[in-house]
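Open the model in your viewer and keep the selection tool at hand. The stops below say what to pick next and what is there.

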Amino acid sequence: MKSTIEELGPTRVRMAIEVPWGDLDHAFGEVYKELGKQVRVPGFRPGKVPNRVLDQRIGRPVVLEQVVQHAVPEIYSEVIRENQVRVLGQPDIEVTRLDDNDTLAFTAEVDVAPQLELPSLDDLAVTVDDVEVTDEEIDQQVSVMRERFSMLTGVERAAQDGDFVSIDLEAKLNGEVLEDGSTTGMSYEVGSGSLMEGLDDAVRGLSADESKTFETALLAGPNAGETAEVTVTVRSVKEKELPELDDEFASTASEFDTLDELREDVRTRLARSKVIQQGAQARDKLVEHLIETIEVPIPENLVDREIEWRNQAFERELAQAGMDWDAFLKMSGVESREEYEADQRKNVEEAVKTQFILDAIADAREVTVANDDLSAQIMAQAQRNRMSPEQFAQQLQQGGNIAEFVADVRRTKTLAQLLEQTTITDASGNRVDLEALRPKTVQAPAEDEATGDEGTGDAPAEGEDIGVQAVASEAAEGATENTEDVTKA
């Protein structure tokens, strides 16, 4: 077998492959075996029909066509393995010669990962924000806790911002009541703006058993985007009473005896959260620096396929939510679909560039993935997906995503090594040590006393590694999320 590879550009090649007839014996054997089971010839048992009879029965050109279909993918795969070509996606195949009992020749054009020229990575440096916790931030967190311990008390007055009202809603379109736009007994916070445009203005000033009608655009359902007439009726009005900010509140809302102790604990938690954010910021700035300093050609076919895949998946989600593009764009504040798609293309291109860069650095440094690396990432991903490591590993295997997962782990490991050698300073010039983010054990209760929220993501779970490897892991995951693995054939 002869093969040559011609570079058509930095991310595309054409392979010219010539196969002597003798190398097709295995393909002929498989084709004749399958045809022998399908074709019925009088006088011969199924599977025992001679090859020459099959040629006569169905025609030699048909046999040759099936041999080509069987042989070309195997030969193509063998060529890319022997030449260590990192292909992206499926090739465009063209048979250029098919001489019976002589030669099969074909070409394969395919996108490939570019060869990058890497600069020196010995003096990497990034600057991150200072860790500063203000009294206003502490007040805000304490206010959240205070809200959680508030009481609702019925009042005999008109509703105003901050009140909680029980309301009935009836939406009409062209005079007909919309079942999916009507409800009763809904609790709503006046002024929150969380339900529909115009509702707050309608409810303000209404007392119990009073109604008001207003017009608003429907955001979901089969009539999304159309203007409906909505009547809101207030059934009850309750005001929120907040507890006094004193030592009694501190002992009730936390394990501390005084308000000063509680505020100091909130300060400590916020400072820790901001230190973690420093690590994430260092990671993002390092990736941004690599993208800016390393020239990376991008296969447009790869980007187009990824955008098409994302759009199809997103359109299915919109349909399930009863929305269309117009309703989504209005709700998200994006001016046009063109603006949305331009931003999406930019994100995909940056993700693909990040993959190429990390792969190139991993190749140059001969980064390998050990069993311990895989185990650590499987456990981390399983925890994020709320499943056991065994379930996550089985999911990878069943989905055929093991090679892609290994590639992601390799990128994670590469980025972690880069972060370790990067000089990180804050805006004040102080050195930031990411290894200081790696505690032996960190206690994180189900409800964070500093914020009153469950699972805010700011505080790590018990025993969670939030050092260099974890920071790099989040970066690699973000760079490759929903993006085709560029190392996958």
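## Stop 1: an aromatic cluster

Select F314, which is buried, with a relative accessible area of 17%. Buried means under 20% relative accessible area, exposed over 50%, and partly exposed in between, with a 1.4 Å probe and protein chains only.

This is a predicted model: local features need pLDDT of at least 70, side-chain atom pairs count only at pLDDT 80 or more, and totals for chains, interfaces and linings use all residues. Residues are numbered from 1 along each chain as its sequence is written, and side-chain values use heavy atoms, leaving out hydrogens and water.

Now show the rings of F314 and Y340. Their centres are 6.1 Å apart and their planes are at 20 degrees, so the pair is stacked. The pair links distant parts of the chain: F314 is in helix α8 and Y340 in helix α10, 26 residues apart. Helices are DSSP runs (H or I, at least four residues), as are strands (E, at least two), numbered from the N terminus.

Together with F314 and Y340, they form one aromatic cluster.

Rings of Phe, Tyr and Trp (its six-membered ring) pair if their centres lie within 6.5 Å; planes under 30 degrees apart count as stacked, over 60 as edge-to-face and the rest as tilted. The whole structure holds 10 aromatic pairs. For a tilted one, select W21 and F28: the ring centres are 5.7 Å apart and the planes at 50 degrees, so the pair is tilted. Both W21 and F28 are buried.

## Stop 2: salt bridges

Side chains of opposite charge can pair when their charged atoms come close. The cut-off for a salt bridge is a side-chain nitrogen of Lys or Arg within 4 Å of a carboxyl oxygen of Asp or Glu. A search of the whole structure finds 34 of these salt bridges.

Select D304 and R345. Their side chains meet in a salt bridge at 2.8 Å, N to O. D304 lies in helix α8 (residues 300-320) and R345 in helix α10 (residues 337-364), so the pair ties together parts that are 41 residues apart in sequence. D304 is partly exposed at 35% relative accessible area, and R345 is partly exposed at 28%.

Stay on helix α10 and pick K346 and E350. This salt bridge is 2.9 Å, N to O. The two residues are four apart in helix α10, so about one helical turn separates K346 and E350. K346 is partly exposed at 45%, as is E350 at 32%.

Jump to D408 and R411, whose salt bridge is 2.6 Å, N to O. D408 and R411 sit three residues apart in helix α13, about one helical turn. Both D408 and R411 are buried.

Next, select E6, R12, R14, D92, E109 and D111. A network of salt bridges links them.

## Stop 3: helix α13 again

Pick L415 in helix α13 (residues 402-421). Is L415 buried or exposed? At 0% relative accessibility, L415 counts as buried.

## Stop 4

Finish at D23, in the loop between β2 (12-20) and α1 (25-38). D23 is partly exposed, with a relative accessible area of 44%.
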